[in-house]
Number of protein chains: 2
Amino acid sequence: MTDKVRIEPRSGTAFRLARGQVLTVIDPQGVQVSDLVAYNADDVREVISNGRTFDYEETIRLTAGHQLWSNRSNPMLSIIEDSVGLHDFLLTPCSTATFEHFYPDKPVHRGCFGNLAEALLPYGIGEDAIPTAFNLFMNVPVDGPTGRIEVIAPVSTAADFIRLKAEMDLVIGLTACSAYSSNGGSFKPIDYVIG
Amino acid sequence: MTDKVRIEPRSGTAFRLARGQVLTVIDPQGVQVSDLVAYNADDVREVISNGRTFDYEETIRLTAGHQLWSNRSNPMLSIIEDSVGLHDFLLTPCSTATFEHFYPDKPVHRGCFGNLAEALLPYGIGEDAIPTAFNLFMNVPVDGPTGRIEVIAPVSTAADFIRLKAEMDLVIGLTACSAYSSNGGSFKPIDYVIG
């Protein structure tokens, strides 16, 4: 198992995760979000897909026992343990455009989207290939009858975590989220371990 | 305005839609689904995004007054009229893999995914670039607390329609759906008009 790696507030990273390896993502202080994307390391045009995942798992709330599927209908990651049970797979990473839209009076940040774009570039993955992310710990209640969604503070507390097993060789992108509403207005780090 | 064009059951097509043009998609017999995808005609790497749309529209139920957004945070289509009000933007087009998964005892069909892939190829759009589609008339109730989804018969009746205005020059992919559960077990045509 690797040492614990820290993703500093409002930043992101990318790394390889071999088939069979387990990625543990930890919210060290609680109430923080981490955007996760995954690509087939052998052909990065294969990428996690919220639509395929919702189809096969028959739910939009993914937790232990569920898999994250690719646009080619292959399992990419299995959620094997989850101390929170509340994540989002509906929304795209925050970006300069979302900062301008939602926070017109606040400083613009490149957001998780910009952080992922920079981190994924060495793997030959361009901005347009960043899909709807699996947003760990993100709390997005959906009102079934109307479809209305809102972004509220995560229910995660310090040291909460999720563990995902790689079902193929992957390139992972991972952030400590930069948006105001997704983490209750504060910016905090995210930790991860590969084992 | 063009003549009405028919998409035969279990087939699909692709065409250009210029900025300002209005696409009317009609369910001529009722209880049928049509998968719609859209690309920037000048750069097909820009594509409709359910995640960006959910973000900006703050709902997963899109109807008249809402816009469909691209992965680059630009509006692609505005819904200007909608006689049904119930569509899906969660699920990916049916495919050989989804037929094998959901209907193991029935003949496999290439589905909307295969139909879209063939129709979009002349525009330089490959299979991996087919996103989660905006599934017109598709009825996918979501249970808010559990996240469970199901696919049930559309509420559309004969001659129901949706009208969408192009906000940029687009390539549109459009199908008459091939899956069993999405259309109440029957396969019917879809009509469209460009005006």
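## How two chains meet: a guided reading

Author: The contact between the two chains takes 34 residues from chain B and 34 residues from chain A, where contact means heavy atoms within 4.5 Å. This is a predicted model, in which local features need pLDDT of at least 70, side-chain atom pairs count only at pLDDT 80 or more, and totals for chains, interfaces and linings use all residues. Residues are numbered from 1 along each chain as its sequence is written, chains are lettered from A and ligands numbered from 1 in the order in which they are written, and side-chain values use heavy atoms, with hydrogens and water left out.

Reader: What is the area buried between chain B and chain A?

Author: The size of an interface is often given as the accessible area lost when the parts come together. Between chain B and chain A about 3,000 Å² is buried, and carbon and sulfur atoms give 49% of it; the value is the accessible area (1.4 Å probe) that the two parts lose, summed over both. B:Arg52, B:Glu58 and B:Asp128 supply 19% of the area that chain B buries against chain A, which is more than any other three residues.

Reader: How many salt bridges are there between chain B and chain A?

Author: A salt bridge is a side-chain nitrogen of Lys or Arg within 4 Å of a carboxyl oxygen of Asp or Glu, and the count between chain B and chain A is 2. One salt bridge pairs A:Asp128 with B:Arg72, whose closest N and O atoms are 2.7 Å apart. On the side of chain B that touches chain A, α1 (50-57) and α2 (96-102) of chain B each supply at least two residues, and α1(B) gives the most, with 7 residues.

Reader: In what order do the strands of the open sheet in chain B stand?

Author: Helices (H or I, at least four residues) and strands (E, at least two) are DSSP runs, numbered from the N terminus, and two strands pair if DSSP finds at least two bridges between them. In chain B, 6 strands form an open sheet in the order β1-β10-β3-β8-β6-β5, with antiparallel pairing. Because β1 (5-7) and β5 (67-69) of chain B each have a single partner strand, they stand at the edges, and one side of each is left without a neighbour in the sheet.

Reader: Which residue of β10(B) is the bridge partner of B:Ile7?

Author: The partner is B:Ile190, and 3 bridges in total join β1(B) to β10 (residues 190-194) of chain B, the two strands running antiparallel.
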